[in-house]
Amino acid sequence: MSAIEKTIPFFGREIKLFINKFAPQAGGCVLIQCGDTAVLVTATKGEVREGIDFVPLVVDYEERLYAAGRIPGGFLKREGKPPEKAILTCRLIDRPLRPLFPSWVREEIQVVATTLSLDEKVPADVLAVTGASVACWLAKLPFKGPMAGVRVGLHQDEFIINPTFAEIESGDLDLVVAGTPEGVIMVEAGANQLPEQDMIEAIEFGYEAVEELVKAQQRIMAELGIEPPDLTPPPNAYTDFEQFMAEKATDRVQAVIASCEKDRLVRDAQLDAIKEDVKLAIEALPEDHPFRAISGDVFNATFKELTKKLMRRQVIEQNIRIDGRRLDEIRPITCEVGVLPRVHGSALFNRGLTQVLSVATLGTSEDAQDMSDELYVEEKKRYLHHYNMPPYSVGEVKPLRSPGRREVGHGALAERALVPVIPSEKDFPYVLRVVSEVLSSNGSTSMGSVCASTLALMDAGVPLLKPVSGVAMGLVQEGDEVRILTDIQGIEDFLGDMDFKVAGTDTGITALQMDMKITNISLQTLKEAIYQARAGRLFILDKMLQTLPKPRPELSPYAPRLTTMKINPDQIGLVIGPGGKNIKGIIEETGAKIDISDDGTVTIASTSREGARKAQLMIESMTRKITVGDVFLGKVTRIIPIGAFVEFLPGKEGMVHISQLSENRVARVEDVIDVGDNIVVKVREIDQKGRFNLTRLGIHPEEAAQAQANAL
């Protein structure tokens, strides 16, 4: 099939699609390009994966540093483990794509997006989202598309579609909206405390752009003669078993749900007991009965579907949730700060059975994360948020592994929620790392991490611009009946239609993320969820501030004290010294950590105020402009027949001639001073080569006393 090029005019730019030109053995492939950014996206279908009850979709996103004209650092000089941004882009593509595959699909599906070229104006991630939709169409997968994604920025009170990197960095909003012809399917945003109404308008603005891309895809597919895929589900081989399960378990499951048991562990035990009784009923059937051959996966999926149906019915018909709460009611909340003795800041946040421990650590500029080996433009990151969820948090036994995509994604969401309230480097020159340990999970651990981390930072004495709280919203939608749930727990996430996380201050939203289980949500429902989330956020925030109303006025005694000062950039080499001799000497003598930027900014870190002050004075002395007549207390470093050399400032040495040692005649230098003696000297002369000639003569007693007082 010949190569095809299609162009989509889009908000003053052109999006180009190159079809049938690359990867001919992939199921479907498109190179999607805007400006000089180009992403190759493929979609391929494999064989049926037996024994599973989910859609086996895998999305991978690959970055190549050659895309930006760079060579990887390190020994191997090739790309290795995907950086965090690549993992987040995988999730960004996966989340709007996954709900569009029918639940009955069991063929292995893999979507791979690879950034081949990147310019400074067009981010690749939203191109990859739209490209994934095109690739799935071309592969003729059972896909309920088309789907498209766009980014919305806010710059000088104007919304911008697909802003440049610079516009994202300088603006107050970074919003990604993905949708289908039916409505919004995914939203993700970071914002600078944006009011709810502004966020709603931004989503509406973004969805209008999504509709343009969706219509363009439909037009192109029609031109190529590609028909919409057949989405007729295969015959249900388990209809009789579903009826059997309903007969045996409906009344008892409904009773468990209607009991509104608040304790999840008790409720799970009751449901497990029902499952065991159904299994016993199956075992009582004749040996040749087909139900005896039902696999465990099919059994569990059928029981889950029955539970989902009954839980959703109770929410729709009675406005009562499985644990008896009202639709907008939040589980009991408790907070505690300062729970760990040695760390810089810590907090424990409990909401129902969800429990998160967050620990804050203050570091220096050298602790910032180096981003130079990532494809994107950010070089250093000074706020880091990491999220861990060990298996014991849900009562399971599993091997501990390095963080997966979920852990990376949740940590990034919590980080995004808090970045807008982190004080500027000028006002608070620390690098901050927060680690959220999920000790118990029953829904919305990412928003629990936001709450715990806010308190941990305040406990550490970080002067946050405002405290941040977060809440997860859910949805049950049956036809025209819609119910929005505040603070969803685990079962409501698994069996509901939406997981919508919203974080922010009392001023506005700082982060949100919406994942759908169904193919769309109306803008009106989304609007109602955002406003209902605000009420929930403020309720949680009030509980947090009852525990710690404001940041502590003092840093932890174990946190480093940072002092910043400026020196002339020409003096950086002087402070460092040959082979680092001078700066190593300061560090050894004071115990402080010292970092010097290229612009002459010196950052001194020490847990001791005295050590930091001493290091500052040493650097000030070292970089001080010396004039004739200045008086210092120095140390004799070596003696020669005609005089002695004296280090009067760190790294600065001058010679006292034998004739300048005393008012009286001196026969031998050693008759007056020895190596290691501390003596008061005055700068007598600075010669043309910058050498210092010193003297002990003509020094007023007050000058000598001041020099001794200033000595370090």
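Biologist: Among contacts between residues at least 6 apart in sequence, what percentage join residues at least 24 apart?
Modeller: That's 69% for this protein, where contact means heavy atoms within 4.5 Å. Bear in mind that this is a predicted model, so local features need pLDDT of at least 70 and side-chain atom pairs count only at pLDDT 80 or more, while totals for chains, interfaces and linings use all residues. Residues are numbered from 1 along each chain as its sequence is written, and side-chain values use heavy atoms, with hydrogens and water left out.

Biologist: OK, how many helices and strands are there in the protein?
Modeller: You'll find 15 helices and 29 strands. These are DSSP runs numbered from the N terminus, with helices being H or I of at least four residues and strands being E of at least two.

Biologist: And what box do the C-alpha atoms fill?
Modeller: Roughly 120 × 60 × 50 Å, taken along the principal axes. Of the 712 residues, 52% are buried. Buried means under 20% relative accessible area, exposed is over 50% and partly exposed lies in between, using a 1.4 Å probe and protein chains only.

Biologist: Let's look at a helix. What's the span of α9?
Modeller: Helix α9 takes in residues 445–459, and its 15 residues reach 20 Å from first C-alpha to last. That is close to the 21 Å expected at 1.5 Å a residue, the expected span being 1.5 Å times one less than the number of residues. Just after α9, Gly461 has a positive phi of about 90°.

Biologist: Is α9 enclosed or exposed, and why?
Modeller: It's largely enclosed by the rest of the structure, because 15 of its 15 residues are buried. Take Ser449, which sits in α9: its relative accessible area is 0%.

Biologist: Which residues does Ser449 touch?
Modeller: Leaving out residues up to four places away in sequence, Ser449 touches Val356, Ser358, His385, Tyr387, Ala414 and Ser436.

Biologist: What about α13, which residues are buried there?
Modeller: In α13 (581–590), the buried ones are Asn582, Ile583, Ile586 and Thr590. Looking down the axis, they fall within an arc of 95°, so they line one face of the helix; the arc is that of the directions from the helix axis to the C-beta atoms.

Biologist: Why would residues spaced like that point the same way?
Modeller: An α-helix has 3.6 residues a turn, so residues three or four places apart point the same way.

Biologist: What's on the face turned away, and what does the buried side pack against?
Modeller: The face turned away carries exposed Lys581, Lys584 and Glu588. The buried residues of α13 pack against α12 (572–576), β23 (593–596) and α14 (609–623). Just after α13 comes Gly591, with a positive phi of about 75°.

Biologist: Switching to sheets: what's the order in the open sheet of eight strands?
Modeller: It goes β8-β7-β9-β10-β21-β20-β18-β19, with antiparallel pairing. Two strands pair if DSSP finds at least two bridges between them. At the edges are β8 (158–161) and β19 (481–486), each with a single partner strand, so one side of each has no neighbour in the sheet. From one strand to the next, the twist averages 20°.

Biologist: How does β21 pair with its partners?
Modeller: β21 runs antiparallel to β10, joined by six bridges, and pairs with β20 in the antiparallel sense over seven bridges. Ala189 stands opposite Leu512 of β21, and Phe500 stands opposite Met514 of β21. β20 and β21 also form a hairpin with four residues between them. Eight of the eight residues of β21 are buried, so that strand is largely enclosed by the rest of the structure.

Biologist: Which strands does α11 lie across?
Modeller: Helix α11 (523–547) lies across β10, β18, β19, β20 and β21, at about 145° to β18. Helix α2 (125–138) lies across β7 and β9, at about 155° to β7. Axes here are lines fitted to C-alpha atoms, for helices over the stretch in contact, and angles run from 0 to 180 degrees between N-to-C directions.

Biologist: Last one: how many disulfides are there?
Modeller: Zero in the whole structure, a disulfide being a pair of cysteine sulfur atoms within 2.5 Å.
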